[in-house]
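The following questions and answers examine a protein model, from its overall fold to selected details.

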Amino acid sequence: MEAAFAASPDLRETLISAKLNIPGPVKRNETLEAVFARAEAAIAAALEAADIAIRRHEAWSFPTGPESLWMVAAEPLEVKRQMVAIEEGHPWGRLFDLDVEGRSGAVSREELGLPERRCFLCGRPARLCARARTHSVDEMVAWIEQLIEDEGGRDGLSPFWQDAGLPY
């Protein structure tokens, strides 16, 4: 992250890291790529609506899933507000992991006076359930699959937990 900031003298530049919150061994397939594409579109739309300039954007698909980095010209707290609005307002926002970092480090929800993210199954703090492995992968996969179907469907895509055999 420091390298991203080192190349720019603009002190207002902020880095957005986008990933998906997907449990289990399958992190990359056609459905998850489509979900991530919607996250990317939501980020671009939010930045445009807030008149935040995008300095650089790069996206990749790793074995751990799709990821992207965005360098934007805005204060980190304002960018975090925009990303939290996506995570909480988009129909699939609970599946998005949108982290924000300024020159002084990561910006937390707590800095905005917001509670930490909650487990989508039981409502406890998500980090506690993740650390204790409170819920089975099957339970989480079933919830995510239902969310995808309830909030816009899969448009004919295979269930997300099936490996779609993508070449990358």
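Buried means under 20% relative accessible area, exposed over 50%, and partly exposed in between, with a 1.4 Å probe and protein chains only. The model is predicted: local features need pLDDT of at least 70, side-chain atom pairs count only at pLDDT 80 or more, and totals for chains, interfaces and linings use all residues. Residues are numbered from 1 along each chain as its sequence is written, and side-chain values use heavy atoms, with hydrogens and water left out.

Q: What percentage of the residues of the protein count as buried?
A: The protein has 5 helices and 5 strands, taken as DSSP runs (helices H or I, at least four residues; strands E, at least two) numbered from the N terminus. Along the sequence they follow the pattern α-β-α-β-β-α-β-β-α-α. Of its 168 residues, the buried share is 43%.

Q: Is I52 buried or exposed?
A: I52 lies in the loop between α2 (30-49) and β2 (53-62). Its C-alpha atom is 6.7 Å from that of V72, 20 residues away along the chain. Beyond its neighbours within four places in sequence, its contacts (heavy atoms within 4.5 Å) include V72, A73, V79 and Q82. Its relative accessibility is 9%, so I52 counts as buried.

Q: Which element gives the most residues to the lining of the largest pocket?
A: On a 1 Å grid over the protein atoms alone, a pocket is an open set of points where a 1.4 Å probe fits, with protein on both sides within 12 Å along at least five of seven lines, and lining residues have an atom within 4 Å of a point. The lining has 18 residues, with P23, F120, A126, A130 and M140 nearest the centre. Two or more lining residues come from each of α4 (126-132) and α5 (137-150). With 4 residues, the element that gives the most is α4.
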